[in-house]
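This short report describes two parts of one protein model. Please look at the sequence and the structure before reading on.

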Amino acid sequence: MNSSAVTVVSSKDERKRFVDFIYTFYENAEHWIPPLRMDQKKLIDTDKNPFFENAEIQLFMAEKDGNLVGRIAAIIDHRFNDYHNSKTGHFGFFECIDDQHTANLLFRVASDWLRDKGMNKVIGPASPSMMDTIGVLIDGFDKDPYVLMPYNFDYYDRLIKGAGFEKEMDLYAYMVDTETVSLDRMNRAMNIVKKRLPNIDIRPVDLKNLKSEIRIVREIFNEAWKKNWGFIPLSEAEFDAVAKDLKFIIDTDYAHIAEMNGKPVGFSIGIPNINEILKTMNGKLFPFGIFKLLWKKKKLNSLRTALMGVVPEHQGKGIDALLHHRSIQNGLKGENKTESEMSWVLESNPEMIRVAERIGGKLDKTYRMYSKSL
């Protein structure tokens, strides 16, 4: 039997194989959700993804006995390095059979490429950026992932560590459902916060003025997250791209802006968990998948709080809890949203962990980021 060999992805056909690999690799995995193929193509498209205005990527594939058995991307985000004054590369899109030799080869070629470009450290997975799908699932393999969260086989942690990587950061997903949420306790806490902050107002995102709303959210996000691990300020083009993708599925019952005396100070964006629908579409939006999304979106019974931020001068005052409370209230009022995932929460963010626990959240899944010196 031949050993694995790694090749550089260069042609259009090879890029297609790179993208298509996951759809056969995971076809018998009960809890894997096929992402939309058009989105996966766009993620690695250096012409269409605004991330690559300041970034580079090189794709690699591993073959064994004529079959594709793994893939990886080496990525350099120049703005990340400028912001952190570092020479850090990233790996992403890692998929591999349960074979340490193949994994080692993939990580070696990606690391060599990054080292040749002057990098001295690698962090990952980020596919392709820290604002896209990141991390490796290390527990919670017995349930489906929520929208835009990764799923992988349970041996990935072993393969990555076997290739010389160490844990960089864990990311938590908390589950809040109608069984665990403590409404009485939450309502009491909300009343205390409102008495302390009588001029706070929580309003829904205005989809008719989306451009100005996106600007507000981006400014708050860049302020709120600037001291967090892995952060880089998001450009206008990147935020516009995110908004364009989310506009189709966003629900204003779960997308809010907090204002103090009329000035925006926080936001929360909850996304209906369209993975419930994507599970039946095999990654294809057309010709009929788009109708499935439109018909079933309102009937989804789960939600993911994916983005949240409060400006630094108002952090620790309970505004984030108010934002969560409003979404939970709306979900219970509609009687169709029975559970919500708060993800991801950094293990180094005790304040957000406390907020999650106070509203009845239970730690449901853990995702891991890894690093290695080059």
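Is strand S2 largely enclosed by the rest of the structure or largely open, and how many of its residues are buried? The model is a predicted one. Strand S2 covers residues 55–64, and eight of its 10 residues are buried, so this strand is largely enclosed by the rest of the structure. A residue counts as buried here if its relative accessible area is under 20%.

**Partners of strand S2**

Strand S2 pairs with strand S1 and also with strand S3. The table lists the two pairings.

| Partner of S2 | Residues of partner | Sense | Bridges | Facing residues |
|---|---|---|---|---|
| S3 | residues 67–77 | antiparallel | 10 bridges | Ala-73 and Leu-59 |

On the S3 side, Leu-59 has Ala-73 as its bridge partner. S2 and S3 also form a hairpin, with two residues between the strands. Asp-65 lies in the turn of this hairpin and has a positive phi of about 50°. In a regular strand, side chains alternate between the two faces of the sheet.

**A positive surface patch**

Which residues form the positive surface patch? The patch is made of Arg-185, Arg-188, Arg-354 and Arg-358. Helix H6 (183–196) and helix H12 (350–358) are the elements that each give two or more residues to the patch. Arg-185 is located in helix H6. Arg-185 counts as partly exposed because its relative accessibility is 45%, and partly exposed residues fall between the buried limit of 20% and the exposed limit of 50%.

Definitions and conventions
Residues are numbered from 1 along each chain as its sequence is written. This is a predicted model: local features need pLDDT of at least 70, side-chain atom pairs count only at pLDDT 80 or more; totals for chains, interfaces and linings use all residues. Side-chain values use heavy atoms; hydrogens and water are left out. Patches are made of residues with over 30% relative accessible area and no salt bridge: like charges are joined within 9 Å, nonpolar side chains (Val, Leu, Ile, Met, Phe, Trp, Tyr) within 5 Å. Accessible areas come from the Shrake-Rupley method with a 1.4 Å probe; for residues, only the protein chains shown count as cover. A salt bridge is a side-chain nitrogen of Lys or Arg within 4 Å of a carboxyl oxygen of Asp or Glu. Lys and Arg count as positive and Asp and Glu as negative; His and the chain ends are not counted. The place of a charge is taken as NZ of Lys, CZ of Arg, CG of Asp or CD of Glu. Helices (H or I, at least four residues) and strands (E, at least two) are DSSP runs, numbered from the N terminus. Buried means under 20% relative accessible area, exposed over 50%, partly exposed in between (1.4 Å probe, protein chains only). Two strands pair if DSSP finds at least two bridges between them.
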